[in-house]
Amino acid sequence: MTTIALTYDLRDDYLARGFNEHQTAEFDRVDTIDAIERGLRMLGYSTVRVGSAYDLVSALASDASWDLVFNICEGLYGYGRESLVPALLDHYRIPYVFSDPLTLAVTLHKGVAKRVVRDQGVPTPDFVVLESVDQAERVDLPAFPLFVKPVAEGTGKGVASSCLVHDRNALVERAAALIAEHEQPVLVEAFLPGREVTVGITGTGENARVAGVMDIVLNKDADPACYTYRNKEECEQLVEYRAVTGAESEEPVQVALAAYRALGVRDAGRVDLRQDAHGRYQFMEINPLPGMHPEHSDLPILCSLNGISFLDLLSRIMRSATDRIAAARQPGRRIAA
């Protein structure tokens, strides 16, 4: 029987170590790990819970090994924080589910990710990355209104309705607050006023397929203008999710697949798009480590709306990983799967 190790950052563990709610916002709840483990066992795998990068380092130092690692670690510090566990596993030649260190580092930095997809012809709004408040006061900018957010955060951290700014004074004020709070540069891009959708994808490369397109509709009590951290956290009360199908889904499917493949995302991920003033979909960002809570995370919700169960989603992810790893072990392949 194939043994799969689970690596993850459990929010409760970090809170017990003294980290605060803000620092652990991207980390997983125990019922997420329960659901993944239960699903993998139902698919016929044996599982072992390892935990965070700290736990993985200890296990590897004790010569532990497994057939495969199901990795959803977000990490703590720097642009390489999501890459840490995959890099360790590459070093020990242990295959794992989801993307490699390079893709995870590139996609975490929203400015670098936008440069990559733009080079591949994927539409994305004009932008600048501001390293300091001084830059915000003098740099050439796209036309207002603009949207400003931390350059390397997930789960909507730092995203609020006040991130939509209509003049330079407001931009400087918001950029200063975000740089101070998140201790990182900010991305400033042309605001896209239209419909926001997220596209779920499973598979790798040319075998990648769209699982569904989901419209994000904010209720009257939600934060306006954007999918904020609060809107995500309280989505059951503030957000209505609708499946986008038929002809309406064709353009977002095309844009999302192009971005997913350009960035080299593997096994599964989620691409966030929004319509510009002319109704054309543009790339905003991509999540190659999608949340996996069966009822609270966007990818499982999206799959459910499109008739794909959580177990089927796990099965698709595992099929992609095992096929990819088998192909990488063919003679002549040199890059670790």
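User: At roughly what angle do the axes of α2 and α13 cross?
Analyst: Helix α2 (residues 30-42) and helix α13 (residues 310-328) have axes that cross at roughly 70° and come within 10 Å. This is a predicted model, in which local features need pLDDT of at least 70 and side-chain atom pairs count only at pLDDT 80 or more, while totals for chains, interfaces and linings use all residues. Residues are numbered from 1 along each chain as its sequence is written, and side-chain values use heavy atoms, with hydrogens and water left out.

User: How are the helices and their axes defined?
Analyst: Helices (H or I, at least four residues) and strands (E, at least two) are DSSP runs numbered from the N terminus. Axes are lines fitted to C-alpha atoms, for helices over the stretch in contact, and angles between N-to-C directions run from 0 to 180 degrees.

User: What does that make α2 and α13 relative to each other?
Analyst: α2 and α13 are therefore roughly perpendicular to each other. Angles of 65 to 115 degrees count as roughly perpendicular, under 35 as roughly parallel, over 145 as roughly antiparallel and the rest as oblique.

User: Which residues make the contact?
Analyst: From α2 there are A35, I36, G39, L40 and M42, and from α13 there are F310, L311, L314 and M318. Contact means heavy atoms within 4.5 Å. The residues of this contact of α2 with α13 comprise eight nonpolar, one polar and no charged. Here Ala, Val, Leu, Ile, Met, Phe, Trp, Tyr, Cys and Pro count as nonpolar, Asp, Glu, Lys and Arg as charged, and the others, Gly among them, as polar.

User: And how do α5 and α6 pack?
Analyst: Helix α5 (residues 101-108) packs on helix α6 (residues 110-119) at an angle of about 105°, with the axes 5 Å apart. V106, T107 and L108 of α5 meet K110, V112, A113 and V116 of α6. The residues in the contact of α5 with α6 are five nonpolar, one polar and one charged.

User: Which residue forms a salt bridge with K114?
Analyst: The side chain of K114 meets that of E189 in a salt bridge at 2.8 Å, N to O. The term requires a side-chain nitrogen of Lys or Arg within 4 Å of a carboxyl oxygen of Asp or Glu. K114 lies in helix α6 and E189 in strand β8 (residues 186-190), so the pair ties together parts 75 residues apart in sequence.

User: Changing topic, how many salt bridges are counted between domain 1 and domain 3?
Analyst: The count between domain 1 and domain 3 is zero. The C-alpha centres of these two domains lie 22 Å apart, and 21 residues of domain 1 are in contact with 18 residues of domain 3.

User: Where is the cis peptide bond?
Analyst: A cis peptide bond joins F144 and P145, with omega of about 5°. P145 lies in the loop between α7 (133-138) and β6 (146-150).

Notes: Domain bounds come from an automatic or database domain assignment.
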